[in-house]
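Let's take a walk through this model together, starting with a single chain and moving out to the places where chains meet. Keep the viewer open as you read.

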Amino acid sequence: MNKMSANPFLALTALEQELLCIFGTGDLGRSLGQRLLQTGYRVVYGSRRPHSCGLLPQGAQPASLVFICIHREHYDFLETLAPHFKGKVLVDVSNNLKKNLYPEANAEYLQRLIPGAHVVKGFNTLSAWALQNGPSDANRQVYLCGNSAEAKEAVAEVATKLGFTVLDKGSLSSARELEDFPLQLFPEWRLPLRLAFGLTVFFFFYLLIRTVVSAYVEQGKDISFRIMASLANKVFPIVSLIMLSLCYLPGVIAAFLQLYRGTKYKRFPDWLDRWMLCRKQLGLLALGFASLHVLYTLIIPIRYYVRYRLAAATISEIRLNHTIPFDTTMAWRTDSYYAMGILGFGLYLLLGITSLPSVSNALSWREFSFIQSKLGYLTLFICTFHTYLYGWDKFLWVSGYTWYTPPGYMLSLVLPSAVMLLKLLLVLPCVDRSLTRIRQGWERSDPEDDSKNSLLT
Amino acid sequence: MNKMSANPFLALTALEQELLCIFGTGDLGRSLGQRLLQTGYRVVYGSRRPHSCGLLPQGAQPASLVFICIHREHYDFLETLAPHFKGKVLVDVSNNLKKNLYPEANAEYLQRLIPGAHVVKGFNTLSAWALQNGPSDANRQVYLCGNSAEAKEAVAEVATKLGFTVLDKGSLSSARELEDFPLQLFPEWRLPLRLAFGLTVFFFFYLLIRTVVSAYVEQGKDISFRIMASLANKVFPIVSLIMLSLCYLPGVIAAFLQLYRGTKYKRFPDWLDRWMLCRKQLGLLALGFASLHVLYTLIIPIRYYVRYRLAAATISEIRLNHTIPFDTTMAWRTDSYYAMGILGFGLYLLLGITSLPSVSNALSWREFSFIQSKLGYLTLFICTFHTYLYGWDKFLWVSGYTWYTPPGYMLSLVLPSAVMLLKLLLVLPCVDRSLTRIRQGWERSDPEDDSKNSLLT
Amino acid sequence: MNKMSANPFLALTALEQELLCIFGTGDLGRSLGQRLLQTGYRVVYGSRRPHSCGLLPQGAQPASLVFICIHREHYDFLETLAPHFKGKVLVDVSNNLKKNLYPEANAEYLQRLIPGAHVVKGFNTLSAWALQNGPSDANRQVYLCGNSAEAKEAVAEVATKLGFTVLDKGSLSSARELEDFPLQLFPEWRLPLRLAFGLTVFFFFYLLIRTVVSAYVEQGKDISFRIMASLANKVFPIVSLIMLSLCYLPGVIAAFLQLYRGTKYKRFPDWLDRWMLCRKQLGLLALGFASLHVLYTLIIPIRYYVRYRLAAATISEIRLNHTIPFDTTMAWRTDSYYAMGILGFGLYLLLGITSLPSVSNALSWREFSFIQSKLGYLTLFICTFHTYLYGWDKFLWVSGYTWYTPPGYMLSLVLPSAVMLLKLLLVLPCVDRSLTRIRQGWERSDPEDDSKNSLLT
């Protein structure tokens, strides 16, 4: 499996190398050990049962760096070894099965058990796979935290030799954050996903009642088959447009708040902060719904129902022997409607692609904000225009307001229209000038401390 | 071309800098030299013809680090310089034109020629472009191997100053691996590509015989034009579904193997290991075939043949003067079929996007496995359901079994149905519990060595 | 907001840490300070008004590293502090609002003001966000330049501790380049975008005159509604095909130039160099246009105009009571045409995906060139073939040449056909052999200096 560790050359060079100790022979301990051997370290395994695989007690010369790759439940036995660990660097690699299982982080608990050692939390965010095979694209970063700068430096050196890049997360109080990281499941996606789910359910039932239920109640017709395609293709674009506008609404609110407060140095309310932090996720979900809308639209002509209706229209035209004239306005309107949809979706996709980590990485700050802001508002505008073209003059038709409720697409237009109106106010030259000054650090009516607007960056 | 190397400031600071020597004035040698100069090193070029460009023989103070940027065929002349190279670090940057051209790696050959030097293999995986312009996204990593840890450290320092990240690959015996890397052409894609090709060819001829050949033989009708679109749109989804299920089959087999063996510490058979390692490629190819299926489906209504047939149906309906009633079951079934297809493809795309290196990089381990496992099985389920809806009750029709062969879609359902059945067995509470224990390190009936289940990670 | 800087443990360990000074309390200064504190440095803020927040003048022990986070306009006040800065490392973090605002780079100006200090330019390409929160995927690299190697080393150490990777860009004369970086807005996209815009406008008006204007002038018919969809769906594929061939033309020209010159060591003319450098962008724009073409093609059957025309054809077929026979050649031709389009688009997409930074990163040099060259030419061939199939025998029809102008698709075929013919010449065995020798470093008729072909890499 690992031909390198058996290499005679390696054994020779390893003799001159530093000795490391690993406690624990689980997956992580074994993988880490193999990798360390491969890089030229000498490795001994520690164990609570010296007779089984414990090289530590026999070894006269103990390692200064000890990796603790065992479960927290077995830490108590390490306490008995506390004298041996005095002044040593203990790297806590452990993870828990759930969040908040224990009152303190594993690494803090370990530090409390062995106060004489320098505990460093780290490597726990890597998979055993990455530890054994070296950093891949997905596992390049090692996070460290600990109270001793020297101890962290020593661990950082090992990590760097293994090919990882190291990021110091500060003191041991960050250990919980590091231990929670491998357990997290899309925390920043939760709010957007819930919102998308809520909107989808609401509009599904709203449209179900307006179309299927009302047709059944008023005309006794069963058009329930429309749920799978027609209804879905109404719900998805509506949710997509609303979520896209929810992407840009917090930015507009924040701008007005800054204008009102006259400074950018006051923190935004918590809800606004949280909202701003999930804009990317809101946008990507909106793109997902838009993609479903595109696919649902493109299968329209192969649907049985559509083919049946088209054939029926042709047949009735022939049987009644009257010729329907070509309506140029209709042709203009529907073609413009489709063209706007295609352009909007194209821009949507562009926004999605540039939010891929490796693409946004290659962009300068100015380029990124150009795409996400200028192109983003253009996308919102085109998609809203697409929906207005779909509606055309239908809002005047009384027959559209089944049971006194407006059609779904009208509801979906409220938010984007509002966002664009507010944005229009913000780009008025006088407003824009004030906002730019505030964002460059200027503060209104704060004369005794004007260092901020003179030494700004 | 390179204004920096002519910069007077640089020349001044370079005086205090380390001297490096480069042998070879090919692309790689020149690019490396430029880049080293730019970073502030002093560089001399060595040559076998001192009068042409050889600065080395005249220079009184030789460099301790020598980059060998010449072809292996010219190494013999370096042997004559062996006394000069004693104790020096030689960085072998060479590559070969083919794999297995020589019995030993270039770097090992060099080490044998000049035993007194410390040979380090490295930099050979970079393009001359990356060497000249510094690391870009595609060329950030430098791999090193060599028998002397000090020599590697010295080379690693230079690489780090040039802006690269260094990954130590162990002793010089890894040199062949490093020399083979730039020559590799999608090694991990070969098996999946061959499989995809084989399946495509098989199903193409299977369906060709069932449709085109049988129609010609039995009814004398030439429907060969269906090859380009109708037939392709049958082959692609079939291959896609089979390859998707082949993605998940090895995981299921591995789980049953672990259950049977009662441990996770025994290695899987080689064929299973190799299969598991190409799951990502299998899945991406399956996604490619699914995308072709989507495009082929969406062009259905603009095909001449389809338009002709639809018009002919309408015309015959009028001429025969009978009205075909609307079939609500048919509408439900076909719309559900399309909806499942769209959702399945959407999830498929999501799986593909998260397998992009930069996206999977941003995910925690738990998030990645959630998407690739939970969402993966959901995708498989929806796509299989989509195919069942397509089939509906056709398997009961005798007329479908042309020449006693089942339709292609039925064959494609065998594997995914089996995979899902087996997976269903695995998630039964009692089986799941055993499997989880095994995967946490527990081993069945191994009482004399129970350290593994107590000190697991 | 930042709980770590208030942590008692941190404060204790920070005491043993290096002291750094930051001038400027703008966004960048504050963010940098927070991050440095978090990593364990001691930080003091300098100010030109000692009474406001200036810790520097009171502090007896000055920092050896000073970050200058103020605007260039306020640099003159730093001159007064020149004696204090003697021998210190000044890190110039500043950016300008526009390019070429000043005759010299900010960092060079600072060095001129304070000749006794060692000025290092750096950190300016990061956003305040990245400085505060540590490196993310999009902000991992710190660029440094400066005249003193020791000063750069000291700054590089701080950057590494903050978790960034450092890239040395040479002497202080590179400062302007670094200061221009955050201001750039897609410089490498400009030429391709202008080209795409020019081609789009030209073909739009060309086709507008040929179809809409000519129909109005000659038959008095208003078919202007065709602008939104039919016309767009002619312009987009034409521009896409031309831009794809423009991707491959410079490579072919370069090869012929190398053959003609008999060496690869002469620089290409500037226009060719610039053209070669924007091939990726040309290709991605071509892919964008191709995607629009695909979407416009797929909405054909749901367009009002198309439905109307199809129904009218059916109705007229019935009213005239004649049956149009099925045309097998037509079925073959159109299906092949669609199949080629789908395959070509699939390959197009594959090229696009592999040009994503994180994907091309994972490829070896040979794999990348296989995809971009071999698969690229295959894509060009299939897309050209797709267009030829679209044309079929129409070029023989006199009626197609409205107002003596050829149809747009014919114009679009000129360039790709030429590129493929030239490429065909280049892969002839005799030509290919010469070219390969030249690319391996061989030079024609240069006998007095043949070291290049013997020591090539």
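How many of the 457 residues of chain A, as a percentage, count as buried? The share is 54%, and please keep in mind throughout that this is a predicted model. The secondary structure of chain A amounts to 20 helices and 7 strands. If you take the contacts in chain A between residues at least 6 apart in sequence, 74% of them join residues at least 24 apart.

Now let's turn to how the copies are arranged. In general, a rotation about an axis and a shift along it relate two copies of a chain. Here, chain B can be superposed on chain C by a rotation of 120° with 0.1 Å of shift along the axis, giving an RMSD of 0.1 Å. This is the relation of a three-fold axis. To find the axis in your viewer, look for B:Ser358: its C-alpha is the one in chain B nearest the axis, at 3.2 Å. The copies use different surfaces, as 12% of the contact residues of chain B recur in chain C.

What does the interface itself look like? On one side are 72 residues of chain B, in contact with 70 residues of chain C. Between them, chain B and chain C bury about 6100 Å², with 62% of it on carbon and sulfur atoms. Within chain B, the residues that lose the most area to chain C are B:Met228, B:Ile302 and B:Tyr304, which together make up 11% of what that side buries. There is also 1 salt bridge across the interface of chain B and chain C. A salt bridge joins the side chains of B:Arg303 and C:Asp335, with 2.8 Å from N to O.

Next, have a look at the surface of chain B. B:Phe197, B:Val201, B:Phe205, B:Ile209, B:Val213, B:Val217 and B:Trp403 form a nonpolar patch there, with about 640 Å² of accessible area together. One of these residues, B:Val201, sits in helix H10 of chain B, which covers residues 190-219. B:Val201 has a relative accessible area of 33%, so it is partly exposed.

Our last stop is in chain C, where helix H6 (residues 106-113) holds C:Arg112. Is C:Arg112 buried or exposed? Its relative accessibility is 52%, and because the cut-off for exposed is over 50%, C:Arg112 counts as exposed. C:Arg112 and C:Glu79 are 33 residues apart in sequence, while their C-alpha atoms are 9.6 Å apart in space.

How values were computed
Residues numbered from 1 in each chain as written. Chains lettered and ligands numbered in written order. Predicted model: local features only at pLDDT ≥ 70, side-chain atom pairs only at ≥ 80, totals over all residues. Heavy atoms only, no water. Patch = residues over 30% accessible without salt bridge, like charges linked within 9 Å, V, L, I, M, F, W, Y side chains within 5 Å. Areas by Shrake-Rupley, 256 points an atom, 1.4 Å probe, with all protein chains shown as cover. Salt bridge = Lys/Arg side-chain N within 4 Å of Asp/Glu carboxyl O. Helix = DSSP H or I, 4+ residues; strand = E, 2+ residues; numbered from the N terminus. Buried < 20%, exposed > 50% of the residue type's maximum accessible area, 1.4 Å probe, protein only. Least-squares fit on C-alpha atoms with pLDDT ≥ 70 in both. Contact = heavy atoms within 4.5 Å. Buried area = accessible area lost by both parts, 1.4 Å probe.
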